[in-house]
Amino acid sequence: MKNIAVIGSGTMGNGIAHVFAQNGFNVNLIDINEQALEKALAVINKNLDRQVNKGRIDEAGKESTVANITTTTDLKSGVSSSDLVIEAATENKELKMNIFRDMDANAPANCILATNTSSISITELAAFTSRPEKVIGMHFMNPVPVMKLVEIINGYSTSEQVTKTIYDLSIEIGKTPAMANDYPGFIANRILMPMINEAIWTLHEGVGGVEEIDTVMKLGMAHPMGPLQLADFIGLDVCLAILNVLHDGFGNPKYAPCPLLVNMVNSGNRGVKSGNGFYNWTHGTKDLVVSESFKR
Ligand code: CAA
């Protein structure tokens, strides 16, 4: 396995490209938007500089990582010589289904098709290909260059050989794999999203303010970020989409998204990426939204 294509150059896609390139793989980063690709390369450079400044890698390591990455806006040619394609597009089922159909039509017959989806069924995506045994979930965590976990999700038809290849590959790129089966939210979001949702309910019902809720979980439970900051970091729209998958998939009201989350997403407050969420991010760092003005 040498040639990796990554589809989607957003936060997760550029992080995945960064990690594979840093580990000596040829990476073709694909996006329909040329400007998004330019931005992704700038982000990768910035994150590599951060690693150089911390002494984690040297300048030569940075240069070889950058040299291992090519970009294209053409999916068809972009996947044509890949051993593995990882889809990391927006968390939208219809979009991902179309991408899987295109990946299947254009990638070599022996190529493994993986998805970084955080909650959409691997089995359903596999059904849009002629090779369901070669379709698998490879769920990275943000920030990808830092977080050690890869949650590997077997679809109903994923072959043992493909699972083993992806498991070994995850170790080769310095990650720790954890296996999950294909049920809504897999392991990570089955547990994480109800916690975030409960934190939002706690705010919504006035049990505590933003700072208090995050402080309790940071200092009381040793989480690196409080759940509301983490929700801003993940994207409130992404959190809502995942909760809807859990709610629809299990039909259990305990997964119903808090109405405050729904209102925030509908009003365009999507967290770090939109500048506003539970915190204000417009200065590039976390500012507490004054509690009196925080709409419940
Ligand atoms: N690229 C490369 N390195 C990065 C980086 C990036 N994007 N972001 C941070 N780093 C590095 C820093 O250089 C630093 O390195 P050293 O340890 O070598 O010094 C290290 O990461 C820690 O960074 P900072 O000191 O700047 O900041 P921090 O201590 O506050 O840590 C954090 C930042 C790692 C993001 C930490 O706050 C954290 O772990 N947060 C929780 C992250 C999390 O839960 N992610 C999962 C989200 S869920 C998900 O992704 C999946 C889903 O389906 C929703």
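Biologist: How far is a nitrogen atom of the ligand from an N or O atom in the side chain of Asn47?

Modeller: This is a predicted model, in which local features need pLDDT of at least 70 and side-chain atom pairs count only at pLDDT 80 or more, whereas totals for chains, interfaces and linings use all residues. Residues are numbered from 1 along each chain as its sequence is written, and side-chain values use heavy atoms, with hydrogens and water left out. A polar contact is a pair of N or O atoms within 3.5 Å; within protein, one must be able to donate a hydrogen and the other to accept it, and residues adjacent in sequence count only if both atoms are side-chain atoms. From the ligand nitrogen to the side-chain N or O atom of Asn47, the distance is 3.3 Å.

Biologist: What share of the ligand's exposed area does the protein bury?

Modeller: A polar side-chain atom of His139 lies 2.8 Å from a ligand oxygen, and a backbone N or O atom of Asn142 lies 2.8 Å from a ligand nitrogen. Taken alone, the ligand exposes 1000 Å² (Shrake-Rupley method, 1.4 Å probe). The protein buries, of that area, 70%.

Biologist: Which elements give two or more residues to the shell around the ligand?

Modeller: Elements here are DSSP runs, helices being H or I of at least four residues and strands E of at least two, numbered from the N terminus. The elements in question are helix H2 (34–53), H8 and H10.

Biologist: Is Asp104 buried or exposed?

Modeller: Asp104 sits in helix H5 (residues 93–106). Beyond its neighbours within four places in sequence, Asp104 is in contact (heavy atoms within 4.5 Å) with Leu113, Thr129, Ser130 and Arg131. With a relative accessibility of 14%, Asp104 counts as buried.

Biologist: With which side chain does the side chain of Asn276 make a polar contact?

Modeller: Asn276 is in the loop between H12 and strand S9 (279–280) and is partly exposed, at 26% relative accessible area. At 3.3 Å, the side chain of Asn276 makes a polar contact with that of Asn280.

Conventions. Buried means under 20% relative accessible area, exposed over 50%, partly exposed in between (1.4 Å probe, protein chains only).
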